[in-house]
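Please open the model in your viewer and keep the selection tool at hand. The stops below go from the whole chain to single residues.

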Amino acid sequence: MADYSYTALDKSGKNKKGVLEADTVKSVRASLRARGLMPLTVAVINQASIRGNKGLSGLFAKRISITELALLTRQLATMLSAGIPLDESLLSIGEQAEKNRIKSIIMAIRAKVLEGHTLANSMGEFPRVFDNLFCATVAAGEKTGHLEKFLERLAEFIERRQEVRQNVTQALIYPSIIVLVSISIVSFLLTYVVPKMVAVFQSSGQILPTATLVLLSISHFIQAAGWYVVIGAIVFVIVWIRMLKRPLFKAWADAWSLRLPLFGKSIRLVNTARFSHTFAILTAAGVEVIEAMRISADLVKSIPIRKSLELATRQVREGVSIHRSLKETGYFPAMSVYLIASGENSGKLEDMLQRAANNQERQVEQMINVILTLFEPLMILIMGSIVLFIVLAILLPLFNIDQMVH
């Protein structure tokens, strides 16, 4: 079944708009007539594919990009700030959308709003696009009557998250190129250059050194099973990704990743910063503290950290202070705990949470810079060692020939 948006005339001649779930357009028209409405237009929304149904089509339609979400949020905030009604704002954004997927989502939300649903509930129909933070903040904005302000805050948060992702992506471009080029060069040497060079020595009938024999064995293996290794690696990645969808395996993988040197600390900082940012936005929106902590914990990706935050939420519900419960998780930096404690004591929890999140993000950026700084010389050292081994394995037989001649 799919969702269909419709426009129809009632008995008094007034336009009615809404959304119906049915098997076919014909079924929608029949349902409208049974309600005493005259259908004018019926169009499929096909929300199922937008939300991410099973199958190949769902793999490519699960969500919109963070850039698109930031733009959409900023556009809606701007239009509402200008005094444009919500349904007209949604219609304008939908018509301007370049991608049909985004247009379908916006039009489906507008249709729900026209039916009388709140914007938060309408967006909640697309959980892979609008997460709990988004919907909770929108709901708070609707309750207070200042939806545009909360949308602006959301837009700033999403744009900041987008900026961090872009910085990380840009920082990883150069190391990725180094790795790919290095692997390509070594693979070329082992596949084409080494066999021809060693074949010359073998034809002379001399006994090859151990290093040369090892290099030749590696070369033969790559020639015979290189593609199997590549295919095996691809299969391993696919299986790993599918296994990560299983809660027990993902919990094990997340716990293991937290024990990695450098990377583990970065993962902790990223997740706790996400929690602090979300918590700050929700408390600023007037969401009750326990509910804000619950939603913020749900958005944390790492399962062990999420479980610890859920326990912290229960402790706060029982009367424990926020900073103490977060400190007991063992994942929050001491400075962040101190800032949150100051916010609780001074009544400025939102500001201190934001400062804590910003402090954690700075630590993440510093950690990434440290990792990349160490990665480049490490890669040079590794690739230099490999090339040195290849050169020595080729030159050693030449030295032997030279000694035999003399």
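This is a predicted model: local features need pLDDT of at least 70, side-chain atom pairs count only at pLDDT 80 or more; totals for chains, interfaces and linings use all residues.

Residues are numbered from 1 along each chain as its sequence is written, and side-chain values use heavy atoms, with hydrogens and water left out.

**Whole protein.** Show the C-alpha trace, which spans about 110 × 60 × 40 Å along its principal axes. The radius of gyration is 30 Å, whereas a compact globule of 406 residues would have one near 22 Å; the radius is taken over C-alpha atoms, and the globule rule is 2.2 Å times the number of residues to the power 0.38. Colouring by secondary structure brings up 17 helices and three strands, which are DSSP runs (helices H or I, at least four residues; strands E, at least two) numbered from the N terminus.

**Helix α14.** Select residues 303-317, a helix of 15 residues that reaches 21 Å from its first C-alpha to its last, close to the 21 Å expected at 1.5 Å a residue; the expected span is 1.5 Å times one less than the number of residues. Among its buried residues are Ile303, Ile305, Leu309 and Val316, where buried means under 20% relative accessible area, exposed over 50%, and partly exposed in between (1.4 Å probe, protein chains only). The cover over the buried residues of α14 includes α11 (247-258), α12 (263-284), α13 (289-298) and α15 (322-327). Just after α14, glycine 319 takes a positive phi of about 115°.

**Serine 308.** Not counting residues up to four places away in sequence, Serine 308 touches Thr329 and Tyr331, a contact being heavy atoms within 4.5 Å.

**Isoleucine 267.** Leaving aside neighbours within four places in sequence, isoleucine 267 is in contact with Ser257, Leu258 and Ile305. The C-alpha atoms of isoleucine 267 and leucine 90, which are 177 residues apart along the chain, are separated by 37 Å.

**Leucine 396.** Finish in helix α17 (residues 349-405), where leucine 396 is found. Leucine 396 is partly exposed, with a relative accessible area of 30%.
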